[in-house]
Every structure is written in C-alpha cells, then in structure tokens.
Amino acid sequence: MQEVTQRISSMTPLKLAFAASQMEPKLALIKAEPIAVIGMACRFPGSADSPTKFWDLLKNGVDTVGEIPLDRWDIDAFYDPDPEVPGKMYARFGAFIDSVDTFDADFFGISPREAKGMDPQQRLLLEVSCESLENSGIAADTIFSAKAGVYIGISTFDYAAVRLRLQSPEGIDAYYSSGNVLSVAAGRLSYTLGLTGPAMSVDTACSSSLIAIHLACQSLRNRECNLALTGGVGLIMAPEPSINFSKAGMLSPDGRCKTFDSSADGYVRGEGCGVIVLKRLSDALRDGDNILALIRGSAVNQDGPSGGLTVPSGPSQEAVIKEALRSSGVSPDSVSYIEAHGTGTSLGDPIEVGALGAVFG
C-alpha cells in the first residue's frame, strides 16, 4: 500500500487525470453490479410461513382478509359504521398472522423477562431472519463477526403504546426501551448474529422495506458489507392507528381494496414479515450460492411540494421510475410485471396509474 501511495504521489496531474479516466469505466461496472437474492423467508397472513406457501397462496388467489381477531382488540368496542363518531373505526377487517405471542427465547439466548418486554416485531424479525439464512444455506454461526449488514423497514410501534396504556409508569423496567424503540429492531438482529456491518431501522411509512432493500444494495456495491439481511416487519397490535386512518378516510369499509377501480374507497391493513439475503452477484457466483433473483437497480425520491402532505406527486413518481430503469440498464418495453403501491383510493390511484402510463405507455 505504501508503494502504491508513493507511485501516486510521484505522478503528474496529467498522468493522474489519465489514470482516473481509465478507471472510471471499471468503477461504473462495479457500482452497477447486480445484487443477487440468495435466500428468503416470510410470515404472512393465510399461514404463509414460507416462500413456497406464500406463492401457493398467491397462485390460488386465497383470500386472507378477515374480521379483526380478539387477540388484538374487541372490534365491537371500537367499531361504528359512521366515520364521524369519535374514538371509533368504520372498518372491521384486516389480514393477520397467527401466533404472534409465541417465541423461543432460549434459542436466541434471551431471558423470559426480557422477551416479555420485547415488541413482537423484534421477536418475529429474529425468527424470520434466521429462517432466511437457513433458506440460503448459510449457517448462522458461520457469519459471526462477519462484515454483514442489516437493513430493516419498520414503522409501527403499537406494542409500546399498548404497554403504556395497560400499565402505570412504575411498571416500566430496564427492557422497555430496548424492547420497543424502532432502532433496536435492526441492532438486536446484528447483535444476536454477531454481525459487524451497518445496521439500520428504516421508517419511510409504506415504502420502508423497499427503501431498506435499496440501502442494502447500495451498501453492498460500496463494499460497506459483503452480505446483507434486509426486508420489513409490521404488526397491528393496537386500535389507535386504525381509528386515525378511519378519520382520514383511508380504510375500505367492506375489507376489499379495489385498486385502480372507479369504486375504490380505501385500503385494507395487513401485517407480516419478509426478509431476504443479498450478496453481490460476483460473490454469489464465486460461492456457488443458489441465486433466486437479481436486483439490477433501484431509485428513491420524494414527492416534494405536492397537493398535500399525504398527496402523491405524479411527476415525482415518473422521475423515480425512470431513474430506477436507468440505474438498472432496463428498457421500459422489456418490463412485463409491475407491482404498484395501489392505495385503493380515488386520490392516489389515478396519480399512480398516470405516472406508470407515462413511462411504460
């Protein structure tokens, strides 16, 4: 390294400029290298506790929406069809997963007292992340102290609110913050697995898990880590957010999201967890990994001065789609499938479908 430094310091500005110009194409190739998905795991409604079961659910068109279960809250106590009634929600439906109260604390070296204070989202994330590593063929103990990153989308903190509502301040113990603040969701995963790469909890509302994956890909391309666990987790544990969304007119009264339809009247809340394992393509090929898919590019922007805080911007959506296509080297006419945001509202749907049509039409 010292010899290289001396050689560089002895070069004239003209030679340095020429050397840099020669390196630029190589650096561009490194930054544009596809990212390989080598493992995945999930817990989604409809008992979809594996990628195979989730695919079967999608393929067969299984309806996972049902009435809000009693282990979350008594829907009759919070329901009123009139959206103007204070403290009530006009939607009775959602998509929920099973057994959020179960957790093998001993497996993760966590005491029963600490486990009780942990947000179920943290517990679920630990389980699904280990399953994703297993799916990729990587034993968790083989990446201890590895330069592996963790990027997790998480934006709800219902459990903390429930605990505060049900207990007095005297009931707050040493595990309250570490069990409930969002930043610990990623940090605990890195700590438990002994990973030394970046660890970030990402909250950008509906796009949290997608932004987390974007950041993970950037981190891999920038050599900040050599392996990344990324995805998202979200559980619906308290009625307050649904009351809020009802007052904003965001929820579908009949539990059906009629995306891109003239009858669209809101969306349906759902929950779950999904985690994927990422590597640079060259590393995955070198290591003989089972490559499930490739991420060729991604992009992020913001609506900026749109019609309101929660109102999307058509021009911004067009711009971010074009940037994602440019960064991936993919032409619009080669795209055969698009997964849309699909808010199911008369406000968001026309803006989104208009932006998609402008780019792909």
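User: Between which strand and which helix is the loop of Ala 205 found?

Analyst: This is a predicted model, in which local features need pLDDT of at least 70 and side-chain atom pairs count only at pLDDT 80 or more, while totals for chains, interfaces and linings use all residues. Residues are numbered from 1 along each chain as its sequence is written, and side-chain values use heavy atoms, with hydrogens and water left out. Helices (H or I, at least four residues) and strands (E, at least two) are DSSP runs, numbered from the N terminus. On this scheme, the loop of Ala 205 lies between strand E5 (199-202) and helix H10 (208-221).

User: Is Ala 205 buried, partly exposed or exposed?

Analyst: Ala 205 has a positive phi, near 60°, in a residue other than glycine. Buried means under 20% relative accessible area and exposed over 50%, with partly exposed in between (1.4 Å probe, protein chains only). Because its relative accessible area is 47%, Ala 205 is partly exposed.

User: What is the phi of Ser 99?

Analyst: Ser 99 lies in the loop between strand E3 (93-94) and helix H5 (112-117). The residue counts as partly exposed because its relative accessibility is 47%. Ser 99 is a residue other than glycine with a positive phi, which is near 55°.

User: Are H6 and H9 parallel, antiparallel, perpendicular or oblique to each other?

Analyst: Helix H6 (residues 120-136) and helix H9 (residues 183-193) pack with their axes 10 Å apart, at an angle of about 50°. Axes are lines fitted to C-alpha atoms, for helices over the stretch in contact, and angles run from 0 to 180 degrees between N-to-C directions. Angles under 35 degrees count as roughly parallel, over 145 as roughly antiparallel, 65 to 115 as roughly perpendicular and the rest as oblique. The angle therefore makes H6, relative to H9, oblique.

User: Leaving aside neighbours within four places in sequence, which residues are in contact with Leu 189?

Analyst: Contact means heavy atoms within 4.5 Å. Leu 189 is one of the H9 residues that meet H6. With those sequence neighbours left aside, the contacts of Leu 189 are Leu 125, Leu 126, Ser 129, Val 150, Ile 152 and Leu 229.

User: What is the separation of the C-alpha atoms of Ser 99 and Ser 313?

Analyst: Ser 99 belongs to the loop between E3 and H5. Along the chain, Ser 99 and Ser 313 are 214 residues apart, and their C-alpha atoms are separated by 39 Å.

User: At roughly what angle do the axes of H13 and H14 cross?

Analyst: Residues of H13 that meet H14 include Ile 321 and Leu 325. The two helices are H13 (residues 314-328) and H14 (residues 348-360), whose axes come within 9 Å and cross at roughly 40°.
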